[in-house]
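The following exercises ask the reader to work from a sequence and its three-dimensional model. Each task is followed by a solution in steps.

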Amino acid sequence: MRKKNCDFILRINYDFSLSGNESFLVAPILFCGSYSIVEYFGGQDGYRCGYCKNESGNFSHGMWSHTMTVQDYQDLIDRGWRRSGKYVYKPIMNKTCCPQYTIRCHVLNFQPSKTHKKIMKKMTKFLSKGEMPDDDGEEKVSTVLICTNPRPISATIPESTRQEVVSPSPTKPTHSTPKPGMGADPSRPQCRKAKDVRKERRMQKEQMLQQEAGESSTSKPAFRVQSVPNQLKSLDDFVADTLHGDALHRLEVRLVRSSPPSSQFKASFDASYQVYKLYQMAIHEDPPDKPSESQFRRFLCDSPLEAEVSSDAPDVGYGSFHQQYWLDGRIVAVGVIDILPSCVSSVYLYYHPDFAALSLGSYSALREISFTRQLHLQSSKLCFYYLGFYIHSCPKMRYKGQYHPSDLLCPETFTWMPIDCCLPLLDASAYARLNQDPKAVDAGTLKTLGQTLILHRRTMMPYSAYSRKQKGSSDEREVEQYAQLVGQICAQRILLYRA
């Protein structure tokens with residue numbers, strides 16, 4: 001991996017001679033001198049929104065990335081950019097119909113919620129006992145777990161039996177019907193909330209334990225029994241529950257590099273693509289010809305990110321990967337992720353529709369949070385999990401805010417704000433400046449356009465030198481817009497291609 005990167009660096013240094021005054025290149029180039037190369041497209045025209053279905057309400061800036069270092073991409077997503085394949089885009093927040101806020105989770109402080117625990121327990125129960133929940137939450141035993149068309153066992157009650165249970169004989173009433181206007185039936189117990197019942201049972205259990213402790217203390221005065229408070233079960237504990245060797249089914253998570261494709265990725269490509277095709281047709285209702293193999297490659301396999309390693313990187317290195325979920329020797333889900341210097345960034349998740357009841361979207365996010373915590377042990381800077389965009393105006397996308405503690409990126413100052421402080425602002429308006437400090441400004445704002453790096457005719461130069469060569473050029477406004485969007489630091493590191 002390192003040798004290939006060095007070959008690329010030598011080729012860059014050989015092909016691209018430095019023109020103009022070298023004093024313009026004040027920003028240090030990271031990762032041994034390799035460069036990101038992009039083409040900027042602007043963003044004036046609106047197009048169809050996939051969230052609210054507005055035919056022309058979605059506005060974003062975009063650029064095609066021929067190659068990109070992981071540090072440059074880390075800095076870009078911290079300014080609201082995001083990639084889809086090799087296309088990198090940034091929503092025009094104050095103009096688009098559904099503003100998209102970059103969201104990140106602090107994995108070191110993450111504690112699973114009650115809903116998250118249920119999802120993890122549901123997976124553990126399925127693996128250990130083979131019980132697949134129905135859509136309504138009821139459990140069913142799946143005897144044929146992995147097949148093209150599984151046939152769940154029916155547990156319906158025969159019609160005659162159901163009538164006997166629901167309709168008691170009129171000659172033998174179970175109790176007298178209360179007269180109209182007399183209120184609740186006094187012969188039946190009062191309805192109570194399940195929460196109150198659980199609380200009462202817990203108190204009764206605590207009283208029993210205290211009584212047992214008291215009896216023990218009277219029989220053995222020298223020994224005092226103390227009640228130990230229940231410790232919070234961490235996410236890693238729930239993950240460990242799914243790894244029991246005596247489970248009925250075996251779930252294995254494999255990390256394979258997708259760009260450049262590793263041998264494991266190539267060997268499992270067709271199986272992974274077939275799951276993606278089934279997912280797109282069943283979940284997103286795509287016609288069979290839309291999720292083609294070429295579309296799958298462009299969308300989820302191609303990546304501009306270079307495979308990079310360094311002394312402070314995790315053992316797997318940086319770059320783009322597929323995290324494959326193998327159930328009993330077959331792929332059932334794939335999480336597409338980028339491993340960057342400060343975070344694991346989630347790109348996409350697709351799964352086999354037969355296993356939709358296992359909440360694989362949320363389950364994979366929890367596994368990716370746990371995976372990020374593992375990487376942090378090898379690389380101390382890597383301590384965030386980016387879930388993509390949080391869209392408050394789209395209710396089905398609000399689930400991303402349930403991974404606490406989380407931050408949203410302010411679209412004006414590009415500072416991170418706790419999501420709990422942002423929600424009241426987003427309830428009032430789809431677009432909001434999340435940083436309420438009026439003195440806060442964008443620390444990475446463009447200061448000097450002349451230092452923006454340009455790639456023109458296989459030559460790298462600062463924009464000041466390029467503008468002198470291209471007298472009468474009319475692209476200054478476009479270059480300035482690009483540099484303002486990527487920020488001063490990236491403008492001085494990324495090569496902007498000009499024809």
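**Exercise 1. Confidence of the model**

Task: State which residue ranges keep pLDDT under 50, and what the average is for the chain.

Solution. 
Step 1. The model is a predicted one. The chain averages a pLDDT of 83, and 77% of its residues score at least 70.
Step 2. Over residues 1-32 pLDDT stays under 50, and the model has 54 contacts beyond four places in sequence for them.
Step 3. Where pLDDT is low, predicted coordinates should not be read in detail.

**Exercise 2. Overall make-up of the chain**

Task: Describe the chain by its secondary structure, burial, contacts and accessible surface.

Solution. 
Step 1. Count the elements: there are 14 helices and 18 strands.
Step 2. Of the 499 residues in the chain, 45% are buried.
Step 3. Take the contacts with a separation of 6 or more; 67% of them are between residues 24 or more positions apart.
Step 4. The accessible surface comes to about 27700 Å², and carbon and sulfur atoms hold 52% of that surface.

**Exercise 3. The largest pocket**

Task: Determine which residues lie nearest the centre of the largest pocket, and which elements each supply at least two residues of its lining.

Solution. 
Step 1. The largest pocket holds about 1800 Å³ of space.
Step 2. Its lining consists of 43 residues, and those nearest the centre are Tyr51, His284, Phe299, Tyr348 and Met397.
Step 3. The helices that each supply at least two lining residues are helix 8 (269-283), helix 9 (293-301) and helix 10 (360-376). The strands that do so are strand 4 (82-84), strand 5 (87-91), strand 12 (343-351) and strand 13 (384-390).
Step 4. Sorted by class, the lining has 21 nonpolar, 13 polar and 9 charged residues.

**Exercise 4. Enclosed cavities**

Solution. 
Step 1. The largest cavity has about 80 Å³ of space. Its lining residues include Arg79, Lys90, Gln100, Tyr101, Phe389 and Phe414. Strand 5 and strand 6 (101-106) are the elements that give two or more residues to this lining.
Step 2. Met123, Phe126, Leu251, Tyr325, Leu327, Val332, Phe355, Leu358 and Leu360 line the second largest cavity. Helix 3 (114-129) and strand 10 (319-327) are the elements that give two or more residues to it.

**Exercise 5. Surroundings of Val336**

Task: Decide whether Val336 is buried or exposed, and list its contacts beyond four places in sequence.

Solution. 
Step 1. Val336 is in strand 11, which spans residues 330-339.
Step 2. The relative accessible area of Val336 is 1%, so Val336 counts as buried, the cut-off for buried being under 20%.
Step 3. Beyond its neighbours within four places in sequence, Val336 contacts Leu300, Phe321, His322, Ser345, Ser346, Val347, Tyr348 and Tyr350.
Step 4. The C-alpha atoms of Val336 and Cys301 are 8.5 Å apart, while the two residues are 35 apart in sequence.

**Exercise 6. Backbone geometry**

Task: Identify where Pro260, Pro405, Glu285 and Arg458 are placed, and give their backbone features.

Solution. 
Step 1. Most residues other than glycine have a negative phi, and most peptide bonds are trans.
Step 2. The bond from Ser259 to Pro260 is cis, with omega near -5 degrees. Pro260 is in the loop between strand 9 (251-259) and helix 7 (263-267).
Step 3. His404 and Pro405 are also joined by a cis peptide bond, with omega about -5 degrees. Pro405 is in the loop between strand 13 and strand 14 (406-409).
Step 4. Glu285, although not a glycine, has a positive phi of about 60 degrees. Glu285 lies in the loop between helix 8 and helix 9, and is exposed, with a relative accessible area of 67%.
Step 5. Arg458, not a glycine, has a positive phi of about 60 degrees. Arg458 is in the loop between strand 16 (453-456) and strand 17 (459-462), and its relative accessible area of 53% makes Arg458 exposed.

Notes. Residues numbered from 1 in each chain as written. Predicted model: local features only at pLDDT ≥ 70, side-chain atom pairs only at ≥ 80, totals over all residues. Heavy atoms only, no water. 1 Å grid on protein atoms, 1.4 Å probe; cavity = no way out; pocket = protein on both sides within 12 Å on 5 of 7 lines; lining within 4 Å. Points joined across faces, edges and corners; volume = space filled by probe spheres on them. Helix = DSSP H or I, 4+ residues; strand = E, 2+ residues; numbered from the N terminus. Nonpolar A, V, L, I, M, F, W, Y, C, P; charged D, E, K, R; others polar. Buried < 20%, exposed > 50% of the residue type's maximum accessible area, 1.4 Å probe, protein only. Contact = heavy atoms within 4.5 Å. Areas by Shrake-Rupley, 256 points an atom, 1.4 Å probe, with all protein chains shown as cover. pLDDT = per-residue confidence, 0-100.
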